[in-house]
Amino acid sequence: MLRNIPVNLQGYKLMITEAPQEKTREKDGVQEFVKNHEGVQQFVVSLFAKRRVQPGEYAGKGAEIKVTLTADPGEGFEEGVYVQLIDATVSHWENDNGSGLSFRANGMVPANAQIPAAA
């Protein structure tokens, strides 16, 4: 299975459609917070992704994606804000209910900000 493939979304405009919130899942009929293997709370944000175009190019439709963030993104990320993802990856998933792609990032910054260099 293909997992954690780096993905370059610089050619896309990413606008928040649902502000980041703590990621939860239902287990045995109870909602629980999702944490990584080190016990760190995960967050999820919904983004509308649409290709950036040059004059005369066709942009296409775009799509909404949900992105799991590996840390609290902090304040200032409300609906309508354009962002960039830090160290974004995509993974294929499959289960009895279907299959698809899941996006993950180590964080996000406003669209006009410099992304910090990887350590």
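Author: What follows starts at the pocket and then moves out to the sheet and the charged pairs.

This is a predicted model, in which local features need pLDDT of at least 70 and side-chain atom pairs count only at pLDDT 80 or more, while totals for chains, interfaces and linings use all residues. Residues are numbered from 1 along each chain as its sequence is written, and side-chain values use heavy atoms, with hydrogens and water left out.

First, the pocket. Rolling a probe the size of a water molecule over the atoms shows where empty space is left. On a 1 Å grid over the protein atoms alone, a cavity is a set of points where a 1.4 Å probe fits but cannot get out. A pocket is an open set with protein on both sides within 12 Å along at least five of seven lines. Lining residues have an atom within 4 Å of a point. Grid points are joined across faces, edges and corners, and a volume is the space filled by probe spheres set on the points. The second largest pocket holds about 170 Å³ of space.

Its lining consists of Q21, E22, K23, T24, V44, K66, V67, T68, L101, S102 and F103. Four of these residues are nonpolar, four polar and three charged. Here Ala, Val, Leu, Ile, Met, Phe, Trp, Tyr, Cys and Pro count as nonpolar, Asp, Glu, Lys and Arg as charged, and the others, Gly among them, as polar. Three strands each supply at least two lining residues: β2 (12–22), β6 (63–69) and β9 (98–105). Strands (E, at least two residues) and helices (H or I, at least four) are DSSP runs, numbered from the N terminus.

Next, the sheet. Eight strands form an open sheet with mixed pairing, in the order β1-β8-β9-β6-β5-β2-β7-β10. Its edge strands, β1 (5–6) and β10 (107–110), each pair on one side only. Two strands pair if DSSP finds at least two bridges between them. β6 and β9 run parallel and are joined by three bridges. T68 has R104 in β9 as its bridge partner.

T89 lies in strand β8 (residues 89–95). T89 is buried, at 15% relative accessible area. Buried means under 20%, exposed over 50%, and partly exposed in between (1.4 Å probe, protein chains only). Beyond residues up to four places away in sequence, T89 touches N4, I5, P6, V7, S102, F103 and R104. Contact means heavy atoms within 4.5 Å.

Now the charged pairs. A salt bridge is a side-chain nitrogen of Lys or Arg within 4 Å of a carboxyl oxygen of Asp or Glu. The count by this rule is three. K66 is exposed, at 51%, and E18 is partly exposed, at 38%. The side chains of R25 and E32 also meet in a salt bridge, at 2.9 Å from N to O. R25 is partly exposed at 43%, as is E32 at 26%. E57 forms a salt bridge with R51, with the closest N and O atoms 3.9 Å apart.

Last, a loop. K61 is found between β5 (43–51) and β6. K61 is exposed, at 74% relative accessibility. Leaving aside neighbours within four places in sequence, K61 is in contact with F48 and K50.
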